[in-house]
Amino acid sequence: MEGGLIVLAAALLLFLSPEVQGTAHLSFSNNTQVNITRDGCGVSKLCVETPNNCDPSGNSPCLFVSAVSSVPVPPNGVDLSVELSGESAGYIAVGLTANASEGTSMLFICAQNSSDNGTFFFRTMQRNNTDDMLTPTETRVKEIRGMVNGNMIKCEFTVPNLNASNTRSSAATTFSVLLGNGSFDGSALGAFIISRNSGPVDLTKPNSNVPPTTMPNNSGALRPHAVLLLLSVLTLSVLLRV
């Protein structure tokens, strides 16, 4: 009888779990606080957002992701700490594409189950960039914490041993960052709708997607030949007075 109850309970858990997937690769933080701001963007963390320069701590719509990388260590790669914030009745997600020609992206999803009082849940998927097909994967993620407030979803997590290279002697850290959202109907995740594609950026360089500053052309400064001309005029003026 006891064995039958255990089997029944396991079956119920599988039935109730959205996008049935093992969870041994996911570990959640005991700290449930989530605080995401623009502080440090371009200096201590890489930020990608839409609209441009929006503030995830403000009151205006802002789909935002930031990333802080550890020092690369071949062949393990880096540990990537991620902050993700945005509005959705389903899910928000960040995708990482190491090589566009491979046609796939790692997708990290923070979502709410509106059929279960907006309960927060987290998923890792692989996205086929050609047909938008999402396939469950067991990419290891740790220190996950998230919150849902209405349609606002915020989460933080760490992806260990992230490497864009398949070569054991290197630790490549250049990825294209995809930012977007999608729906969730209580049992299945909808297509990932991309709102922003950063293009290739080095995750270890917080300013790698910040446009270089152009030094202004100070037209008021005297050029060398102008200085010489001025000195000649002054010299001639002195000589004429003598």
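Which pattern do the disulfides of the chain follow, with bonded cysteines counted along the chain?

Modeller: With bonded cysteines counted along the chain, the disulfides follow the pattern 1-2, 3-4, 5-6. The model is predicted, so local features need pLDDT of at least 70 and side-chain atom pairs count only at pLDDT 80 or more, while totals for chains, interfaces and linings use all residues. Residues are numbered from 1 along each chain as its sequence is written, and side-chain values use heavy atoms, with hydrogens and water left out.

The setting comes before the pairs. The chain has 2 helices and 12 strands (DSSP runs numbered from the N terminus, H or I of at least four residues for helices, E of at least two for strands). Along the sequence their order is α-β-β-β-β-β-β-β-β-β-β-β-β-α. Of the 242 residues, 38% count as buried (under 20% relative accessible area; exposed is over 50% and partly exposed lies in between, with a 1.4 Å probe and protein chains only). The accessible surface of the chain is about 14000 Å², and carbon and sulfur atoms hold 55% of it (Shrake-Rupley method, 1.4 Å probe; for residues, only the protein chains shown count as cover). Among contacts with a separation of 6 or more, 57% are between residues 24 or more positions apart (contact means heavy atoms within 4.5 Å).

A search of the whole structure finds 3 disulfides (pairs of cysteine sulfur atoms within 2.5 Å). Strand 2 (residues 46-50) and strand 3 (residues 63-69) run antiparallel and are joined by 5 bridges (strands pair if DSSP finds at least two bridges between them).

The loop between strand 2 and strand 3 holds proline 51. The peptide bond joining threonine 50 to proline 51 is cis, with omega about 0°.

Next is the disulfide of cysteine 54 and cysteine 62, with sulfur atoms 2.0 Å apart. This link is right-handed, at 70° about the S-S bond. Cysteine 54 and cysteine 62 are both buried.

The remaining disulfide joins cysteine 110 to cysteine 155, with an S to S distance of 1.9 Å. The link of cysteine 110 and cysteine 155 is right-handed as well, with 85° about the S-S bond. This pair connects distant parts of the chain, since cysteine 110 is in strand 6 (residues 104-113) and cysteine 155 is in strand 10, 45 residues apart. Cysteine 110 has a relative accessible area of 0% and so counts as buried. Cysteine 155, at 0% relative accessibility, is buried too.

Cysteine 110 also belongs to the largest nonpolar core, which has 29 residues; Cys110, Phe122 and Phe157 touch the most other members (a core is a set of buried Ala, Val, Leu, Ile, Met, Phe, Trp, Tyr and Cys residues joined through side-chain atoms within 4.5 Å). Strand 10 (residues 152-162) gives this core its largest share, 5 residues. Beyond its neighbours within four places in sequence, cysteine 110 is in contact with Leu84, Tyr91, Ile92, Phe120, Phe121, Phe122, Ile153, Cys155 and Phe157. Another core, of 12 residues, lies apart from the largest one and includes Ile109, Leu178, Phe184 and Phe192.

Two backbone details complete the picture. Most residues other than glycine have a negative phi, and most peptide bonds are trans. Asparagine 161 is found in strand 10. Asparagine 161 has a positive phi of about 55° although it is not a glycine. Its relative accessibility of 47% makes asparagine 161 partly exposed. Aspartate 132, also not a glycine, has a positive phi of about 65°. Aspartate 132 lies in the loop between strand 7 (119-128) and strand 8 (134-136), and at 32% relative accessibility aspartate 132 is partly exposed.
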